[in-house]
Amino acid sequence: MPRRRVDASLTGVNPATTLDDLAERLPAGALITDPIKLEAYRRDRAEDPDAGTPLAVVRATCTADVQEVLRFASATRTPVVPRGAGTSLSGGSTAVDGAITLSLEQMREITVDPVTRIATAQPGAFNAEVKDAAAVHGLWYPPDPASYTFCSIGGNIATNAGGLCCVKYGVTVDYVMGMEVVLADGRAVRLGGPRIKDVAGLPLTKLFVGSEGTLGIITEVTLRLIPAQRRPQTLVATFPTLGAATAAVLAITSSMRPSMLEFMDAPTINAVEDETRMGLDRTAAAMLIVQSDEPVEHAGVEIAEVTRLCEEAGATEVFSTDDPDDGEAFVAARRLAIPAVEKKGTILLEDVGVPIPALGDLVEGIAAISDRHDVIVAVLAHAGDGNTHPLVVFDPTDDAQRDRAHTAYGEIMDLAVGLGGTITGEHGVGRLKRPWLDGYLGDDVMELNHRVKDAFDPHGILNPGAMLLSAEQRETALTRRGR
């Protein structure tokens, strides 16, 4: 096992402490250095080919374990990469050479207070597990990424995840009331809590949501729950052109707020049909999946109005149902989209969002980029809020195609930003999109971000390379550029 000696720079850590001694402070078997076992923690769902190899992996069981790791890390200046279920699509939990990967996968406890409509969850709990625990009491946790059955609540909070219902119900930050977080020096603090209103001090709870593990490591979260969702009615419409589909989206969002408004283009439809054989129209340029969870009589009116708007926009077919099984089949097809496209080759997954009026320009611009570079780009989207997921598909054994795919990836981000959009709507910056962050935010806003990062993590040990560089990394980068 590696022997790393510690400087006497942090109270509570003996100067003679080594990685062996850290293991003794943790539960038996919590610290892993076996190279074969480390391999499983190198990459997340982004499959970054440049992933490093951890110095060690710690599988934490409680807040105290996390504190021990960060005390050790702060004293030794050892980087720490937090990891939940490993489902990051932007490389947010990709391993770093010489760093400790701190896995929270074993921290899975959930409790629900039905009186206050609050769930308390540890970060390793799956989104679906929180939903199930709430459902026992007739309650619902709305944020629902397509990966909700296997993504963790901690990861959702780290990226401020959204999902299929966010058009009506909002994103993760709208449901986070409080948290326990371990800071870089090992202190555990509680922010917010089970109170409907609390404006004492700066809103630090919200600062940590979407911070991608760069400011501290969340070990418990207090979540707001709402009454269970009513059984939705579902509509599916297919369109002959991308423009017709996005015109329908704009018409729908201008007059109502359905509980779901999802978009799939032709490559996505065909990839899903290859997997499901459910009879999707392979000739359609685009498909919308719309749901209304209003009371039955109102849902019927809303779906009838969506039908009219889709037909006026030029839909070739509109189908609606109040059968929950039929409706869920179409929603499941949408959730399957990314795995289905992944089977077509290696993908570069985008997460760009634009104001809804610019959605048409975005998807048609992406189609032009796809044609220009002769690469497949499958587009699926939370159309109701303008958040799209273009998937650039390529053959990793074809160097020329890979280069064209990476060029298309960058051009799609440039297109989105040029339309007043963002480089990431819900997946986070991670490591894969960090090169584009400076240009998107601008110098002044980047400086503010770096000030916050340096205040919480002065030694730059928390998730280095993800989203924000540490002061030392920034200085190194400037030196290399000769500035």
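Helices (H or I, at least four residues) and strands (E, at least two) are DSSP runs, numbered from the N terminus. The model is predicted: local features need pLDDT of at least 70, side-chain atom pairs count only at pLDDT 80 or more, and totals for chains, interfaces and linings use all residues. Residues are numbered from 1 along each chain as its sequence is written, and side-chain values use heavy atoms, with hydrogens and water left out.

Two residues other than glycine have a positive phi. Most residues other than glycine have a negative phi. Glu 47, in the loop between helix H2 (35-39) and strand S2 (56-59), has a phi near 55°. Glu 47 counts as exposed because its relative accessibility is 54%. The phi of Asn 160 is likewise near 55°; this residue lies in the loop between helix H5 (153-159) and helix H6 (166-169). Its relative accessibility is 21%, so Asn 160 counts as partly exposed.

An open sheet of five strands has the order S5-S6-S10-S8-S9 with antiparallel pairing, where two strands pair if DSSP finds at least two bridges between them. Its edge strands, S5 (110-113) and S9, each pair on one side only. The twist averages 15° from one strand to the next; axes are lines fitted to C-alpha atoms, for helices over the stretch in contact, and angles run from 0 to 180 degrees between N-to-C directions. Four bridges connect S5 to strand S6 (residues 118-121) in the antiparallel sense, and Asp 113 has Ile 118 in S6 as its bridge partner. Helix H3 (residues 63-76) lies across strand S8 (176-182), S9 and strand S10 (217-224), at about 50° to S8; contact means heavy atoms within 4.5 Å. Helix H4 (residues 127-135) lies across S5, S6 and S10 and runs at about 35° to S5.

Ala 237 has Leu 288 as its bridge partner in S14 and Val 318 as its partner in S15. Leu 288 is also the bridge partner of Phe 263, and strand S13 (residues 260-265) is joined to S14 (residues 286-292) by six antiparallel bridges.

Seven of the seven residues of S12 are buried, so the strand is largely enclosed by the rest of the structure. In a regular strand the side chains alternate between the two faces of the sheet. Both faces of S12 are covered, with Gln 233, Leu 235, Ala 237 and Phe 239 buried on one side and Thr 234, Val 236 and Thr 238 buried on the other.

Leu 202 is placed in the loop between strand S9 (188-192) and helix H7 (204-208). Leu 202 counts as exposed because its relative accessibility is 70%.

Note on methods: Buried < 20%, exposed > 50% of the residue type's maximum accessible area, 1.4 Å probe, protein only.
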